[in-house]
Amino acid sequence: MKKLFLLAIAVISFSVSSNAQDIKFGFKGGVNFATLNGDDVNDNLDGRTGYHIGAVLQVSLAETIALQPELLYSAQGIEDTDIDYLNLPVLVKLKFAKIFSVEAGPQFGFVVNDDFEVGDPESFDFSGAVGAGVEFGPFFGQLRYNFGFTDVIDNVEAKNSAFQISVGYYIF
């Protein structure tokens with residue numbers, strides 16, 4: 001897990017150093033509509049409305065393609081069971097019509113806070129992310145769906161799922 005995190009940081013660092021003229025850095029935040037999905041999850045459970053906040057980096061690889069790593073604090077889980085993560089999505093972003101984009105890629109999550117009363121959540125969450133966005137100068141908005149590949153609790157089939165709405169601002 002730590003090796004995977006270090007590899008992601010190395011890829012981001014390499015991208016930053018090789019494309020220094022085409023970089024945008026900023027901050028974003030928004031709302032999460034999170035839940036757990038899987039065979040062992042009761043369909044009557046209510047999802048958790050939480051938030052996410054963090055930093056975003058956009059590194060242009062070509063005129064219409066960019067790499068977008070982010071570092072986000074994200075409040076997820078279900079109504080009575082909070083699981084907060086430090087998420088590192090690393091997305092490929094395809095831009096078109098100058099202001100629109102679509103994005104997809106993996107997300108690596110590390111549990112930083114939980115209130116499980118029975119059992120402990122896994123400390124690492126691997127997810128996929130797909131979304132769309134708009135940019136107006138330094139301002140941007142995004143819609144994203146995150147879907148978990150790993151179980152949240154050992155030996156329980158329950159994966160994270162979150163719909164996110166974000167707004168942000170590039171400071172440079």
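Modeller: Happy to! Please keep in mind that this is a predicted model. Find Gly29 and look across to strand 2, where its bridge partner is Ile53. That is one spot in the pairing of strand 1 (residues 23-37) with strand 2 (residues 48-60), which run antiparallel over 12 bridges. Follow the pairing onward and you will see eight strands close into a barrel, in the order 1-2-3-4-5-6-7-8. Neighbouring strands of this sheet are turned against each other by 25 degrees on average, direction ignored.

Now for the charges. Side chains of opposite charge can pair when their charged atoms come close. This model has eight salt bridges. In one of them, Lys28 meets Glu70, with the closest N and O atoms 3.2 Å apart. Lys28 belongs to strand 1 and Glu70 to strand 3, so this pair ties together parts that are 42 residues apart in sequence. Are these two buried or exposed? Lys28 has a relative accessible area of 3%, and because buried means under 20%, it counts as buried. Glu70, at 2%, is buried as well.

A second pair to find is Arg144 with Glu103, whose side chains meet at 2.7 Å, N to O. Here too the partners come from distant parts of the chain: Arg144 lies in strand 7 and Glu103 in strand 5 (residues 100-114), 41 residues apart. Arg144 is buried, with a relative accessible area of 2%, and Glu103 is buried at 4%.

For another setting, turn to Lys159 and Asp151, whose side chains form a salt bridge at 2.7 Å, N to O. Lys159 is partly exposed at 22% relative accessibility, and Asp151 is partly exposed at 27%.

The largest nonpolar core has nine residues, among them Leu36, Ile83, Phe116 and Val152. Strand 4 (81-96) and strand 7 (139-153) are the elements that give two or more residues to this core. Leaving aside neighbours within four places in sequence, Phe116 is in contact with Thr81, Ile83, Pro121, Val152 and Ile153. Apart from this core lies another one of six residues, including Leu88 and Phe110.

Terms used: Residues are numbered from 1 along each chain as its sequence is written. This is a predicted model: local features need pLDDT of at least 70, side-chain atom pairs count only at pLDDT 80 or more; totals for chains, interfaces and linings use all residues. Side-chain values use heavy atoms; hydrogens and water are left out. Two strands pair if DSSP finds at least two bridges between them. Helices (H or I, at least four residues) and strands (E, at least two) are DSSP runs, numbered from the N terminus. Axes are lines fitted to C-alpha atoms, for helices over the stretch in contact, and angles run from 0 to 180 degrees between N-to-C directions. A nonpolar core is a set of buried Ala, Val, Leu, Ile, Met, Phe, Trp, Tyr and Cys residues joined through side-chain atoms within 4.5 Å. Buried means under 20% relative accessible area, exposed over 50%, partly exposed in between (1.4 Å probe, protein chains only). Contact means heavy atoms within 4.5 Å. A salt bridge is a side-chain nitrogen of Lys or Arg within 4 Å of a carboxyl oxygen of Asp or Glu.
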